[in-house]
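Hi there,

Here is the structure I promised to pass on to you. Please have a look at it first, and then read my notes below.

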Amino acid sequence: MSVWKCFVAATAEELCSVVILYTKFFSFCSIYWRFGFWSSALFAAGWIVLSSVFPQPWYRGPTKIFELNEAAFRDKVQLKKSTTVPVEDVKGPRITEVEDENEKDTKKPEIDSKYWIVMLYANWSVTCLNFEPVLAKLSIEYDLPQLKFGQIDIDVYPNLAEEFGVSKDPASFDLPTLILFQQGKEIRRLPELTMPKEGTKLTKASAAKDTITRLGWNKKSSTVVTAFQLEKIASEKAN
């Protein structure tokens, strides 16, 4: 498992995170085997305290990902114009480009697009934390008038997680979930949402296949480019 996790790591940060995690686990097992229960329990307690005090930081590099609230998501992504959402309500990237003072008053962000790629994430998910640099790189590489990138914290907006069938259970392998929208309609997602056909029961074999599909999707940028056909979208003319 550890070798496989290292092989599919999408970034250097994720690789380091995986290596450190399994090193701690193997150290815990070694301490338990050599020194007994209480020594291993003390090691585990120290590990938990250090992880809580010094958590792995979120990505702080350049990005074009918009942090969306529910109102902005309904308005800009799903194109439900029941309410008007000011541009100021849609938080921009964590790191933005420095602009000339003379241009600052004339430039306004354009966030109305034909396509949106939205990441549903949770702050406690290490997988989401490791995947954000990948999405940030894609948001810069495919910074197009017809394509925008956004993200939504499902702990803050749990009704959106329920609406799109994304479980917040750490054992569900649903996080992060990437959804591609075209003119307000979902057309593709990663990991794929597998639903049993109407009238059929969910068997253990199909459940195991679904788990493998969700666990095994490669979180590298090339996977997103291929699955969402970003090159094709980039070749389209902006409306």
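**What I found**

Leucine 79 lies in the loop that runs between helix H4 (70–77) and helix H5 (101–104). One caution before going on: this is a predicted model. The phi of leucine 79 is near 60°, a positive value in a residue other than glycine.

You will find glutamine 183 in the loop between S4 and S5. Its relative accessible area is 47%, so glutamine 183 is partly exposed.

**Two cis peptide bonds**

Most peptide bonds are trans, so the next two may interest you. The bond from leucine 175 to proline 176 is cis, with omega near -5°. Proline 176 sits in the loop between helix H7 (158–163) and strand S4 (177–182). A cis peptide bond also joins leucine 190 and proline 191, where omega is about -10°. In this case the proline, proline 191, belongs to the loop between strand S5 (185–190) and helix H8 (204–216).

**A patch on the surface**

Which residues make the nonpolar surface patch? Val49, Leu50, Val53 and Phe54 do, and the patch is about 430 Å². Phenylalanine 54 is in the loop between helix H3 (37–53) and strand S1 (65–67). Is phenylalanine 54 buried or exposed? Its relative accessible area is 62%, so phenylalanine 54 is exposed.

**The protein as a whole**

Stepping back, the protein has ten helices and five strands. Of its 239 residues, 36% are buried. The accessible surface comes to about 14800 Å², and carbon and sulfur atoms account for 60% of that surface. Looking at contacts between residues at least 6 apart in sequence, 74% join residues at least 24 apart.

I hope you enjoy looking through it.

Best wishes

Methods
Residues are numbered from 1 along each chain as its sequence is written. This is a predicted model: local features need pLDDT of at least 70, side-chain atom pairs count only at pLDDT 80 or more; totals for chains, interfaces and linings use all residues. Side-chain values use heavy atoms; hydrogens and water are left out. Patches are made of residues with over 30% relative accessible area and no salt bridge: like charges are joined within 9 Å, nonpolar side chains (Val, Leu, Ile, Met, Phe, Trp, Tyr) within 5 Å. Accessible areas come from the Shrake-Rupley method with a 1.4 Å probe; for residues, only the protein chains shown count as cover. A salt bridge is a side-chain nitrogen of Lys or Arg within 4 Å of a carboxyl oxygen of Asp or Glu. Helices (H or I, at least four residues) and strands (E, at least two) are DSSP runs, numbered from the N terminus. Buried means under 20% relative accessible area, exposed over 50%, partly exposed in between (1.4 Å probe, protein chains only). Contact means heavy atoms within 4.5 Å.
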